Amino acid sequence: MMNETAEIKKEDVQSFIENFEKLKEEISKAVIGHSDLLENILVCLLAGGHALIEGVPGLGKTHLIKTMGAVLGLKMSRIQFTPDLMPADIIGTNVLMKDDAGGTSIRFSRGPVFSQVLLADEINRATPKTQSALLEAMQERQVTVGGVSHMLEEPFIVLATQNPIEMEGTYPLPEAQLDRFFFKLIVNYPDSGELGRIAELTTGVSMPELDVLSDMDMINGMKKLIRSVPVPEEVRDYAVSILKATHPETETGSFSRYIRYGASPRGLQSMILAGKVYALISGRYNVSFEDIKRAAYPSLRHRIILSFEGEAESITPDSILDSIVKAL
Amino acid sequence: MTDRDKLASFAEQLIKQKRLIRAIKNILSLSFIALIAGSLAALPLRYFFGLDSPAPLGLLAGACLLSFIYGFLGVETHLSILRESDEKMGLKEKLSAAYQFGQSDNPYSTLIMGEALRLIETIKPGNVFPVIFSKRDPFIPLLTGLCLFLWMSSFSFLQISDRQMAIGDILLDSSERIDAVNSGEKDKDLEELAEEYRKLGQKIQDRFMNDKSIDREVEELSLRLEKKIEELSREGVQKESRTLSDEEADSEIYQLERKREMGDELGDILESLMKTFSLTPDMRLGSSVERRDGMSGEGGLSEERNSESPPGSAEEGTPAEDSESSDSARTGAPDKGETGEQGEDLQDSDSSQGKPGKSDGLEKDNSKSGNTDPLSPFFDKEEKISDFDPASPPGEEMTEDMGDFQPFREKKESGEFGEEDNIRGDLREGEQIKSFIRALPHIVEPTKEEMDIIHFYRNQLESAIDREILPPGYESVIRDYFLAIGVLNDE
């Protein structure tokens, strides 16, 4: 489509915005409400990240992701995480195969991770060992089995869901795993109007038919536009300040005692990249303070590990981020 | 001009506008505060502390001007002012991003700069940094007028008391008296002094002034008057020391007499002022001492004497103490306040002992000349007093005229002294001599026992009575007098 140093034209940005809006509209046909959630999932996809979606059962998380996969025109697979799920069930394994000549050979049987949109449903129900099977795939975009690395196809996005209220029989995601997620998105209850529309849509005779609006090339082309968006120095410094403020050793505010561990540099990358996408979909060519503020919540909330005091006082990472944004 | 230059030019305009707005804001804010403070301070400063100068007003105006100038000083850069503009106008960092990336190799540079140029065409610096008047600003002209009125007008908010009017009258009267004294001489200093007294008198009658400020101003003028009196006396001394022909001497003597008269009259004016305003002689002496420090020779205070005076001694003396010391000096009794020097005099020279009035140690070597204190405003009167020197035994100074008394002495010794030889005198009140006595700035401890002094006087008295020819019947009068004051015993 274009090389990285080529001058970007206004039409390119306009096309980006139009495509983005089309995707949103198409998905919104089958998914009532969750506009921000949908937008953030698309931002995640375009920024090359993965999203952890948290919400109580029945809010349509799985439905949203399946719909998105269908509209994007990408290969999609779904894994239902259970306690007895094994890593091989995700990434695949080498199997002994007999050929037509009667000989035997070892062949790699690909797991569901070899897709472009991977729905990891109820990821916290699997053991950490199985959860960790996704680490390499999420970070390196490859899977190594038997000493052989298998590349995943771009774009690749893991959309994991988890239930925050059921703690029995679940395994909270380890910090290393959490840090791999670009965004952590919270699914809220739909409002009355949305509930009415949901009731009407899902209890009727027919479901809306969805068109496939994009393909792999279009998505990759959109991704290339994002990285070149300039970030003014003061905006970059602002993002750094926010990240630094999440560290307990800094005395930005009274919230420091509620934090055990702060956000890693991956959080800064997430903020900046998400800010770039927000800027473009807003029709701007540069990242602003507002973009960073907006990106700070989904980028950092799962990277802030609360201290015992914070847990005891029911402090949430979002309230800490509220304080940080106000303080800076 | 490149696109970035256009952006930089716009940033320059923004910087100028911001500095102008800041300067205006500074001067308005400070003016408001300064005018309120100035208005509030005007009443107490002018009417209770007697501050007449509009210097505080000038200071406030200067401070406001400085704040205005300070507003133009700043360290704004193109980038910082563009960032501020982005924030103020809600431009989402478009201008600052364009300034940073407009000419870089970023793929978006053209788009960013193009958008920024479109923006600066629609934005005026006045929109980014508008002149915003606060609610207090309309009051500034009113406050300015009020402040000027309070400081510059002679309007008095406080009622002028009868006493203040009377004081004004006294000062105006003093002015006229000085003019009258100076009518023949046309001395410029005296003319100025008279004018100053007149102005002060009018000022006191025109508006309320507190006692402290009145006293301070009167004291200031009184010190000037005293200094003038001293100058007149000093001129007389200098002229006396010259060798002149007879005609010149006559003229000089006339001038000298005239100066002395003027000094006397001015001294009277000063004395009346001092009585009116309770100015203590100590206060005057303090200033006189300072002025006399550099003087040497006749009438000057010795350094030793000055060094003995403790700092602030001028304020320690009270009028009561002064009057006491003056009284004791008049009676010729050994004044404790004076014996610091006088005690030594007793040993050194009999002629200086108990010198009344002026025997404060200032001129212990000048008892013979009579011109003992040329700096004194009462020079002439003191001279008259000095003619009578009770310290000298009666008769000792009359040795030259002893021939006139010789027949009486002989008659007395031979016992032929009869009633017809008595001298008839008129019994009437003597002439009262006014004198201004300077007290010592402090009371020193006596250096002689009281009884030693009494015995000394007694010996003097007895030898004088034995030696002198007294009118018949007066011995008992004199004896009774000394008995009464305890110098003699009944025996």
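Residues are numbered from 1 along each chain as its sequence is written, and chains are lettered from A, with ligands numbered from 1, in the order in which they are written. Because the model is predicted, local features are reported only at pLDDT of at least 70 and side-chain atom pairs only at pLDDT 80 or more, whereas totals for chains, interfaces and linings use all residues, and side-chain values rest on heavy atoms, with hydrogens and water left out.

Chain A contains an open sheet of five strands in the order β2-β5-β8-β1-β9, with parallel pairing. Helices (H or I, at least four residues) and strands (E, at least two) are DSSP runs numbered from the N terminus, and two strands are taken to pair if DSSP finds at least two bridges between them. The edges of the sheet are formed by β2 (76–80) and β9 (183–186) of chain A, each of which has a single partner strand, so that one side of each is left without a neighbour in the sheet. On average, and with direction ignored, neighbouring strands of this sheet are turned by 20° against each other; the axes behind such values are lines fitted to C-alpha atoms, for helices over the stretch in contact, and angles run from 0 to 180 degrees between N-to-C directions. Within the sheet, β5 (residues 117–121) and β8 (residues 157–162) of chain A pair in the parallel sense over four bridges, and A:Leu118 stands opposite A:Val158 in β8(A). Helix α2 (residues 35–47) of chain A packs on the sheet, where it touches β1 (51–54), β8 and β9 of chain A, and its direction makes about 170° with that of β9(A); contact here means heavy atoms within 4.5 Å.

Two antiparallel pairs also occur in chain A. Strands β3 (residues 92–98) and β4 (residues 104–110) of chain A pair over seven bridges, with A:Thr104 as the bridge partner of A:Lys98, and they form a hairpin with five residues between them, in whose turn A:Gly102 has a positive phi of about 95°. Strand β6 (residues 142–145) of chain A pairs with β7(A) over four bridges, A:Thr144 having A:Ser149 as its bridge partner, and this hairpin has two residues between its strands, with A:Gly146 in the turn at a positive phi of about 60°.

Most residues other than glycine have a negative phi, and most peptide bonds are trans. A:His34, in the loop between α1 (10–30) and α2 of chain A, has a positive phi of about 55° although it is not a glycine. A cis peptide bond with omega of about -15° joins A:Glu154 and A:Pro155, the latter being found in the loop between β7 (148–151) and β8 of chain A.

Two salt bridges are counted between the chains, a salt bridge being a side-chain nitrogen of Lys or Arg within 4 Å of a carboxyl oxygen of Asp or Glu; A:Glu234 forms a salt bridge with B:Arg83, the closest N and O atoms being 2.8 Å apart.

Over all chains, the whole structure holds 28 salt bridges. A:Arg257 forms a salt bridge with A:Glu309, with the closest N and O atoms 2.5 Å apart. A:Arg257 lies in the loop between α10 (233–245) and β10 (259–261) of chain A and A:Glu309 in helix α13 (residues 308–312) of chain A, so the pair ties together parts that are 52 residues apart in sequence.
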